[in-house]
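Let's take a walk through a protein model, one feature at a time. Have the viewer ready so that you can follow along.

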Amino acid sequence: VRNLLFSICSLVLLQSCSPSLFNDFRRSNSPLDLHDAGWFGNNDGSTRFRVSVNAGKKNTTGIMVLKLFSDDSHRVVFMTEMGIKIFDIEIYRNGSHKLHYSVEELNRRTMISMLGNDLSLMIYPFTSTGSLKIMERKDGSTVLRIKDKRGRRYAFIDNHSGKLQELISSGTLFRKVRIKYTGKGSKPEKIEISHNFLKLDITLTLLK
Amino acid sequence: MNNAGFLIYLIMIAVPAICNAQDLSPMKDVAGFRDRLEKMSADVTTISSDFIQEKNLAVFSEKIISKGHFVYRNDNKIRWEYTSPYRYLIIINNDQLYTSTEGNSKVYDIQANRMFQEMNKFMSSFIRGDILRNEKDYTPQFFENTSHYYVKLTPVSTRVQQMLTGIDIWFDKNDFSVAGIRLTEPGDDYTKIDFTNRKLNTEITGEKFTF
């Protein structure tokens, strides 16, 4: 009985955490170019960001370089300002990732998995393997409802620029991620990644 | 020419002057070089210099350039300040290490952190050139050209080999100051730092190292 009660409570809790605030959707017939809506799909040059990571009370800063590496992957390298490489990871279009290098302190399975998941959602927010529905909210804005092996997520598209503005992923409990993109040109000027159940916030600012 | 173009031009003309390996020959008087370096190391009380840091990421075939200014005082004080691509400041003042970047400042106790102890030891030994005495961790090879002495250090300890496969140091023949260093990592990534506008033994007040 105790287990049953615990399961019911867990289900209620989890359900309450899911993004039920998006109930005002209706199916949209408007065409949408996903290649143009994403920030990294068409980018064949490298992009450099100044990165600030707040994990609990600790703050780490550094430089991230991100580049299209093959037709199906991006390579991401993070280093300190002094040039010490922290990690080098390859993110694939299908949502998987491959670690090429990591400093010993970071090289834990859960850490790398979370890192790969965040970067995967940031670079490839849409899907090449799952389902994708284009919806419209009452205010006319476009929302994509996506489901694949990375979980369920909602992508909010800015109606003026046609660019992805925000991604809310409702994956498993500790993988609830919100990614906000800000920018006017072809590259995002700022990306903010936050986690619902973890004190882990990552801010990327474009280096020009 | 835009700023980036001008910077690349500067690097193209300045770096080969130091790093051109073709005109290098084995150093004629290694003992004399060591003696003079020891003397310079003992005589120098302060160093200030601008620097250009070049991080080469082999996987992207691309270089990340940072610039800044650095100040050293021989009572265990270092100020390492990046001004480009953004401001980032590191100060080592005896047992404390301070970092600061846009609205974020931190102070660490060097003695409480082994990594910072190593970093402090490494930076100081480079600046004074006394890394050459550490033959337990590195095997040195000595070369020279008309303007520079060049020492190639190959790590021998497994601990260092995991991080670095080679260290190259260029010393100016006029004053024996370090003109450039290059740290090569496994996988052929490297970080090269060229020191320009070097000034030795000028007055540097304690304010530079307060935080």
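## Ground rules

A residue is called buried when its relative accessible area is under 20%, exposed when it is over 50%, and partly exposed in between (1.4 Å probe, protein chains only). This is a predicted model, where local features need pLDDT of at least 70, side-chain atom pairs count only at pLDDT 80 or more, and totals for chains, interfaces and linings use all residues. Residues are numbered from 1 along each chain as its sequence is written, chains are lettered from A and ligands numbered from 1 in the order in which they are written, and side-chain values use heavy atoms, with hydrogens and water left out.

Now find α2 in chain B, which runs over residues 30-43. Helices here are DSSP runs of H or I with at least four residues, strands are runs of E with at least two, and both are numbered from the N terminus. Which residues of α2(B) are buried? They are Gly32(B), Phe33(B), Leu37(B), Met40(B) and Ser41(B). These residues sit on the same side of α2(B) because they cover an arc of only 165° around the axis, taking the directions from the helix axis to the C-beta atoms. Over on the other side, Ala31(B), Asp35(B), Lys39(B) and Ala42(B) are exposed.

## Rings that pair up

Across all chains, a search of the whole structure turns up 18 aromatic pairs. Rings of Phe, Tyr and Trp (its six-membered ring) pair if their centres lie within 6.5 Å; planes under 30 degrees apart are stacked, over 60 edge-to-face, and the rest tilted. Phe78(A) and Phe87(A) make a tilted pair, because their planes are at 35°, with the centres 5.6 Å apart. Phe78(A) counts as buried at 6% relative accessibility, and Phe87(A) does too, at 4%.

In chain B, Trp80(B) and Phe195(B) pair edge-to-face, with 6.2 Å between centres and 75° between planes. This pair links distant parts of the chain: Trp80(B) is in strand β4 and Phe195(B) in strand β12, 115 residues apart. Both Trp80(B) and Phe195(B) are buried. They also belong to a cluster linked by ring pairs, along with Phe51(B), Phe70(B), Tyr82(B) and Tyr88(B).

## Charges over rings

Look next at Lys173(B): its charged end sits over the ring of Tyr149(B), 5.0 Å from the centre. For this to count, NZ of Lys or CZ of Arg must be within 6 Å of the ring centre and within 35 degrees of the ring normal. Arg182(B) lies over the face of Tyr190(B), 4.0 Å from the ring centre.

Technical notes
Expected span 1.5 Å × (residues − 1).
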